Amino acid sequence: MNLASTLFPLGWEHYLLGGLCIGLGVALLFAMTGLVGGMSSVFSSTWSFIVRRPFFQQPALRGSRIWRLQYAAGLVLGALLWWLWLGGPGPETTAVPAWQLLVGGFIAGFGARMGHGCTSGHGICGLGSLQWPSALAVLCFMATAMITANLVWSLQA
């Protein structure tokens, strides 16, 4: 198995087209509405429906929760349509244990709160609007991901 098929098991075209679709969607959202489509804010604004703590009741979160839920539903629907149209014969699975996925999700969520945004917010929206703090955040995300991946890989070897 060569490096390209290891890094892109579905073929590089899926990843390129997926990235272009995400970038186009974020650009269209911003150009047509002036809204920034980061995903960690979707998580926080959704919690504002049920959590009454002051952080989740900020006007920015409460006022944006409906369009953010619609935005997230559009992403899920888009991924489903992509899979039905171009996907393989069965669903993609991972061999990563569920507990590792949960721990990774918790750490990613905590990091998104600390960094005032997630990889999509800083990496797609922030870099797309030439925000230098987002460039620094993306560099930190990438460095941390590389270190973590190598650490986990060396522990499993």
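**View 1. Helix 6 against helix 7: the two pack at an angle of about 140°, and their axes are 9 Å apart.** That angle makes helix 6 oblique to helix 7, because roughly antiparallel is kept for angles over 145 degrees. The crossing in which helix 6 passes helix 7 is left-handed. On the helix 6 side, Thr 119, His 122, Gly 123, Gly 126 and Leu 127 make the contact; helix 7 answers with Ser 134, Ala 135, Ala 137, Val 138 and Phe 141. Keep in mind that this is a predicted model.

**View 2. Zooming in on His 122, a residue of helix 6 (residues 119-128).** His 122 has a relative accessible area of 11%, so it counts as buried, the cut-off being under 20%. Its side chain makes a polar contact with the side chain of Ser 134, at 2.9 Å. Setting aside neighbours within four places in sequence, what else does His 122 touch, being in contact with Ser 134 already? The list has Gly 115, His 116, Gly 117 and Leu 127, plus Ala 137, Val 138 and Phe 141. Ser 134, Ala 137, Val 138 and Phe 141 also turn up on the helix 7 side of the packing in View 1.

View 3. Past the helix, have a look at the backbone of Leu 130, which follows helix 6 and has a positive phi, near 60°.

**View 4. Phe 43, out on helix 3 (residues 40-47).** Is Phe 43 buried or exposed? With a relative accessible area of 56%, Phe 43 is exposed, because the cut-off for that word is over 50%. Gly 109 sits 66 residues away from Phe 43 along the chain, yet their C-alpha atoms are separated by 9.1 Å.

View 5. An unreviewed UniProt entry annotates residues 15-45, 66-85, 97-115 and 136-155 as "transmembrane region". In the model, residues 15-45 are 81% helix and 0% strand, and the C-alpha atoms at the ends are 29 Å apart. Residues 66-85 come out as 100% helix and 0% strand, with 28 Å between the end C-alpha atoms.

Terms used. Residues numbered from 1 in each chain as written. Predicted model: local features only at pLDDT ≥ 70, side-chain atom pairs only at ≥ 80, totals over all residues. Heavy atoms only, no water. Helix = DSSP H or I, 4+ residues; strand = E, 2+ residues; numbered from the N terminus. Buried < 20%, exposed > 50% of the residue type's maximum accessible area, 1.4 Å probe, protein only. Polar contact = N/O pair within 3.5 Å; in protein donor to acceptor, adjacent residues only side chain to side chain. Contact = heavy atoms within 4.5 Å. UniProt positions renumbered as here; feature names shortened; annotations may be inferred. Axes fitted to C-alpha atoms, helices over the stretch in contact; angles between N-to-C directions. Parallel < 35°, antiparallel > 145°, perpendicular 65-115°, else oblique. Left-handed = near helix turned anticlockwise from the far one by under 90°.
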